[in-house]
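User: I am learning how to read a protein model and would like to go through it feature by feature. Could we begin with a helix and then move on to the strands?

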Amino acid sequence: MKNSLLAAAITVTFLSGCSSVPMESSEKNQAALSFSQPAEDTAVIYVYRRNTMAGAALKKDVLIDDQCIGETAPGIFFYHEVAANTEHKISTESEFSPNDLLLDTEGGKSYFVEQYIKFGVLVGGAGLEQVDEETGKKEVSKLKLASKGKCSV
């Protein structure tokens, strides 16, 4: 019994360590969670990953307009301002090729994109899905703001 508990504790520690990413301060987290309306010449894109066990050990890159935003882990989100009234490409890595989502933005609006893990043949990949504002705010409010950082590629 003790060996089973020890093995479970080591596994949880290993999985938690594998999925950690740099986090922003609590002040920046609270500011992002205020969901303030952006200026008329900008839009905000929230990219988030729910806090689920599916693919918990996997970190997946997120890019906006081919620029690295960072790596995701369960229970985090990114907040990124973009130019308004243009199309933006949100990308994430998958098993064999990137997955892209094109998003037309309007000034003064916020957009919410969920990154989800999908299981593959060799390793897990990730997908992206735009969600409505109500759903996005509800989900993001449960998460923590990750620091923008380096991608693995």
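User: Which residues of helix H3 are buried?

Analyst: Buried means under 20% relative accessible area, exposed means over 50%, and partly exposed lies in between, with a 1.4 Å probe and protein chains only. In helix H3, which spans residues 133–140, the buried residues are Gly136, Glu139 and Val140. Seen down the axis of H3, these buried residues fall within an arc of 95°, so they line one face of the helix; the arc is that of the directions from the helix axis to the C-beta atoms. On the other side of H3, Glu134 and Lys138 are exposed. Helices (H or I, at least four residues) and strands (E, at least two) are DSSP runs, numbered from the N terminus. The model is predicted, so local features need pLDDT of at least 70 and side-chain atom pairs count only at pLDDT 80 or more, whereas totals for chains, interfaces and linings use all residues. Residues are numbered from 1 along each chain as its sequence is written, and side-chain values use heavy atoms, with hydrogens and water left out.

User: What covers the buried residues of H3, and which residue caps its N-terminal end?

Analyst: The cover includes strands S1, S4 and S7 together with strand S8 (125–131). The N-terminal end of H3 is capped by aspartate 132, which has a side-chain oxygen 3.2 Å from the backbone nitrogen of glutamate 134.

User: How should I read the pairing of strands, and with which strands does S7 pair?

Analyst: Two strands pair if DSSP finds at least two bridges between them. S7 pairs with S1 in the parallel sense over five bridges, and in this pair valine 47 stands opposite valine 113 in S7. S7 is also joined to S8 by seven bridges, with the two strands running antiparallel, and here isoleucine 117 stands opposite alanine 126 in S8. S7 is mostly covered, since seven of its nine residues are buried.

User: What is the order of the strands in the open sheet?

Analyst: The open sheet has four strands in the order S3-S2-S5-S6, with antiparallel pairing. Its edge strands, each pairing on one side only, are S3 (67–72) and S6 (99–104). Within this sheet, six bridges join S5 (residues 87–92) to S6, and serine 91 stands opposite aspartate 100 in S6.

User: Is glutamate 71 buried or exposed?

Analyst: Glutamate 71, which is found in strand S3, counts as buried because its relative accessibility is 17%. Contact means heavy atoms within 4.5 Å, and, not counting residues up to four places away in sequence, glutamate 71 touches several residues, including Lys59, Lys60, Asp61 and Lys150.

User: Which residues of the largest nonpolar core touch the most other members?

Analyst: In soluble globular proteins, nonpolar side chains tend to be buried together. A nonpolar core is a set of buried Ala, Val, Leu, Ile, Met, Phe, Trp, Tyr and Cys residues joined through side-chain atoms within 4.5 Å. In the largest one, which has 18 residues, those that touch the most other members are Ile45, Val47, Ile64, Ile90, Leu103 and Val113. Strands S1 (42–49), S2 (60–64), S4 (76–83), S6 and S7 (110–118) each supply at least two residues of this core. Apart from this core lies another of twelve residues, among them Leu33, Val140, Leu143 and Leu145.

Conventions:
Polar contact = N/O pair within 3.5 Å; in protein donor to acceptor, adjacent residues only side chain to side chain.
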